[in-house]
Amino acid sequence: MSATREDRASVDLSATAWALAARGGDPDAADHFVRALHGDVLRYVTYLSGDPQAAHDLTQDTFVRAFGSLHRYEGRASARTWLLAIARRAVADSIRRAATRPRTADAVDWRTAVENSRPHGLPGFEEGVALLDLVGNLSGERRVAFLLTQVVGLSYEEAAGRVGCPVGTVRSRVSRARAVLERLLREAEAASVPAA
């Protein structure tokens with residue numbers, strides 16, 4: 001018999017003796033029992049569960065269960081064999097519980113994705129209606145140049161091609177439209193502020 005087998009057999013005998021003494025109420029024997037077999041239980045539950053993160057919790061659960069049923073342990077099998085059987089049941093119960101819990105999906109939450117894709121800082125519906133009212137006060141050429149470049153998003157060159165005038169003219173119309181809109185917006189804000 002190799003030294004490793006002899007060592008294991010010696011640890012098994014000692015752990016079994018400590019388990020029986022712990023059953024009788026000896027706290028030091030309980031401590032020795034846990035220290036002797038903690039590493040074996042930890043390795044075993046890590047292997048069975050495949051989850052190193054949960055292994056410590058499963059090991060603790062195993063020992064809690066073992067101490068809860070220690071009064072029934074009679075030493076017919078080694079304490080290691082008895083404890084590893086408890087560990088196997090603890091892992092199986094953990095897997096069963098995990099299977100019944102609702103899981104979060106890795107799929108993208110479409111509502112959150114839509115909300116996150118919306119541009120932030122843009123005016124709301126009321127501001128948009130007010131802006132359209134103000135844009136309605138612009139002359140026809142300025143209104144068209146402003147809407148094509150600032151609302152539709154065309155470049156000045158594309159807008160010039162659409163309306164059939166030079167790019168400089170479109171730039172000038174947009175600049176004048178902005179100046180008028182800023183003035184109208186200041187006047188509207190001043191009218192909405194109540195007098196103190």
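So, G50: just after helix α2, this glycine takes a positive phi of about 70°. Helices here are DSSP runs of H or I with at least four residues, strands are runs of E with at least two, and both are numbered from the N terminus.

Quick word on where this comes from. It's a predicted model, so local features need pLDDT of at least 70 and side-chain atom pairs count only at pLDDT 80 or more, while totals for chains, interfaces and linings use all residues. Residues are numbered from 1 along each chain as its sequence is written, and side-chain values use heavy atoms, with hydrogens and water left out.

Okay, back to α2. At its start, a side-chain oxygen of D26 comes to within 3.0 Å of the backbone nitrogen of D28. Further along, α2, which covers residues 27–49, bends by about 45° at L37. The bend is the angle between two fitted axes, one for the seven residues ending at that residue and one for the seven starting there. L37 is also one of the buried residues of α2, along with A29, A30, F33, D40, V41, L42 and V45. Buried means under 20% relative accessible area, exposed is over 50%, and partly exposed is in between, using a 1.4 Å probe and protein chains only. Keep in mind that an α-helix has 3.6 residues a turn, so residues three or four places apart point the same way.

Next, a helix pair. Helix α7 (residues 140–151) packs against helix α9 (residues 167–192) at about 95°, with axes 8 Å apart. Axes are lines fitted to C-alpha atoms over the stretch in contact, and angles run from 0 to 180 degrees between N-to-C directions. So α7 is roughly perpendicular to α9, a label for 65 to 115 degrees; under 35 is roughly parallel, over 145 roughly antiparallel, and the rest oblique. Residues making the contact include F146 of α7 and L181 of α9.

Zooming out, the chain has 9 helices and 0 strands, and of its 196 residues, 26% count as buried.

Definitions and conventions: Polar contact = N/O pair within 3.5 Å; in protein donor to acceptor, adjacent residues only side chain to side chain. Contact = heavy atoms within 4.5 Å.
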